[in-house]
Amino acid sequence: MLKDFDFDKKDTTLSGTKRSELGSELAALQRKLVNSDSSLLIIVDGWESSGKGHILKDLTRELDPRYFEVSVFDDALDDYAERPFLWRFARDLPGKGRIAFFDRSFYSELMNDLKVKDERLEHHLGYISFLERMLVADNTIVLKLFLHHSENTMEKRIEKLKDDPHREFLITKDDEKQLKKYTKYLKHFDKILAMTNFDSSPWHVISSEDLKDASREAISIASSTLKSHLEQTEKKPPVPIRSGLKEKPLAKVDLKATIPEEEYEAQLEKLQEEAGELVYEMWLKKIPCVLVFEGTDAAGKGGAISRLTRLIDPRSYDVATTAAPTENESRYNYLWRFYQTFPVKGKMTIYDRSWYGRVLVERVEGFTPEHRWAAAYEEINEMEHNLVHDGLLIIKFLIVIDKEEQKRRFKDRENDPEKIHKLTDEDWRNHEKFEQYEEAMNEMVARTDTKDAPWIIVAGTQKEYARIKVLKEFISRARAFIDDHEGNKQGK
């Protein structure tokens with residue numbers, strides 16, 4: 001894409017057109033976008049000193065500033081290094097009706113690293129591919145612009161900045177490195193662009209030899225892309241093909257499993273102490289951890305979480321209780337709100353319900369079209385794989401009871417003044433759909449029980465049994481992950 005780029009070949013169709021006129025056309029399309037269910041992400045990447053700031057100013061000049069944001073991603077701060085790779089970018093993705101401009105992006109760190117190993121490059125580009133595909137599936141246009149200039153032009157621009165005492169500070173080590181090794185960076189950029197020139201989110205290489213012409217081309221591409229998207233006839237996307245389930249994982253669970261009271265009392269505090277020590281060890285070794293609790297309504301998720309955390313330092317974990325998305329959260333991709341709460345290195349986030357609501361409540365209650373919740377299995381698997389590759393430990397618990405036990409617990413809550421606050425009309429409505437939720441849970445486990453993040457199905461009929469089971473599984477998996485983490489460090 002870059003190696004054979006011809007700087008002398010120019011598109012003259014925009015010559016003489018005022019940038020303000022082109023910007024006004026884009027602004028008119030923005031007004032239509034505001035009232036739609038779509039969003040637009042414009043990535044402005046490219047060489048250092050290639051005029052990204054100039055292009056961004058011209059792209060936004062005529063737009064209504066109430067409906068767009070510009071995010072600048074230069075060198076990663078230490079805080080970012082404590083988070084999963086996509087965390088800082090996911091926070092700034094556009095909501096429905098909005099435009100987000102990225103000055104540099106999730107590509108920049110990889111582009112600036114000539115020594116990046118193929119394994120790391122392929123993983124992170126796969127992570128980026130996952131994000132872009134998911135955004136497009138959720139009606140977000142992903143427009144990627146790469147500003148390209150010649151070695152000679154780059155040298156002149158850097159010299160001009162050096163001669164300007166008010167702008168000399170804009171020159172970074174990356175400018176100097178890219179100029180010094182222009183040919184190597186050209187080859188490196190070309191490789192990344194070729195690997196990520198996806199059909200649904202292709203790259204547009206723009207010559208920035210003349211910045212005014214570059215602005216005209218960038219605005220024109222943005223307008224034509226947005227116009228085409230908004231004019232598309234609404235078509236119902238195909239539902240992903242899902243093979244039939246060969247078995248029902250929940251049918252294998254012994255719901256009658258119990259533990260004698262004396263064993264429960266004898267084991268509980270010892271296990272809680274061990275869990276606390278392991279969380280402290282993960283904090284020391286900077287291992288982030290995510291616990292997911294899903295299950296039947298009234299199965300005892302809250303009690304299991306309380307017993308697990310009882311002797312854990314409260315400074316080392318957070319509990320994220322997932323309710324229906326707020327009006328603002330509903331404007332974003334369903335995984336967006338969870339990226340906000342993923343833990344930093346050394347901390348633990350416990351999700352009382354999670355992203356699996358996409359394939360449970362949103363499926364059963366019809367809140368999400370089938371083609372989107374059916375696609376979520378693979379999206380979730382990819383996200384969890386990427387988080388584990390980033391060094392997170394993920395442990396997923398599914399606590400289940402049968403329909404009769406659920407009814408009995410609802411009745412107990414109804415008759416207990418101390419517990420009636422836990423019971424809602426929605427609980428009874430969901431009870432009537434018990435079989436549908438059970439079917440959804442079976443498919444969820446079958447399709448998202450992976451090597452990276454396997455499910456632990458816990459019988460919740462006897463609460464004491466469930467609590468001990470959760471503690472033991474947490475201890476076993478945390479210890480194995482810590483040992484594996486230490487082994488990997490020693491092997492490097």
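**Surface, interior and backbone of the predicted chain**

With a relative accessible area of 24%, R353 is partly exposed, a class that lies between buried (under 20%) and exposed (over 50%), as judged with a 1.4 Å probe and the protein chains only. The structure is a predicted model, in which local features need pLDDT of at least 70 and side-chain atom pairs count only at pLDDT 80 or more, while totals for chains, interfaces and linings use all residues. Residues are numbered from 1 along each chain as its sequence is written, and side-chain values use heavy atoms, with hydrogens and water left out.

R353 belongs to the loop between β8 (348-352) and α14 (361-364), and its phi is near 75°, which is a positive value in a residue other than glycine. A positive phi, of about 60°, is also found at K286, which is not a glycine either. K286 sits in the loop between α11 (261-284) and β6 (289-295), where, with a relative accessible area of 44%, it counts as partly exposed.

Taken as a whole, the chain contains 19 helices and 10 strands, where helices (H or I, at least four residues) and strands (E, at least two) are DSSP runs numbered from the N terminus. Along the principal axes, the C-alpha atoms fill a box of roughly 85 × 55 × 40 Å. The chain has 492 residues, of which 51% count as buried. Contacts (heavy atoms within 4.5 Å) that link residues at least 6 apart in sequence join residues at least 24 apart in 82% of cases. The chain exposes about 25000 Å², and 47% of this area is supplied by carbon and sulfur atoms; such areas come from the Shrake-Rupley method with a 1.4 Å probe, and for residues only the protein chains shown count as cover.

The buried part of the chain can be followed through particular elements. In helix α2 (residues 52-60), the buried residues are K52, I55, L56, D58, L59 and T60. These buried residues pack against several helices and strands, namely α1 (19-34), β1 (39-46), β2 (68-72), β3 (99-103), β4 (140-148) and α10 (211-231).

When neighbours within four places in sequence are left aside, H124 is in contact with F85, L110 and D390. H123 is likewise found in helix α6 and is counted as buried because its relative accessibility is 10%. With neighbours within four places again set aside, the contacts of H123 are with H385, N386, H389 and D390.

K180 is exposed, with a relative accessible area of 72%, whereas D175 is buried yet has no salt bridge, the nearest side chain of opposite charge being that of R104, 6.2 Å away. A salt bridge here means a side-chain nitrogen of Lys or Arg within 4 Å of a carboxyl oxygen of Asp or Glu. Beyond its neighbours within four places in sequence, D175 is in contact with E48, S49, M154, I158 and L170.

Patches consist of residues with over 30% relative accessible area and no salt bridge, like charges being joined within 9 Å and nonpolar side chains (Val, Leu, Ile, Met, Phe, Trp, Tyr) within 5 Å. A negative patch is formed by E261, E262, E263, E265 and E464; its largest share, 4 residues, comes from α11, the helix in which E265 is found. Helix α11 also holds W283, which is partly exposed at 42% relative accessibility and makes, together with Y280 and L284, a nonpolar surface patch of about 340 Å².

For the chain as a whole, the mean positions of the 80 positive and 92 negative charges are 1 Å apart. In this count Lys and Arg are positive and Asp and Glu negative, with His and the chain ends not counted, and each charge is placed at NZ of Lys, CZ of Arg, CG of Asp or CD of Glu.
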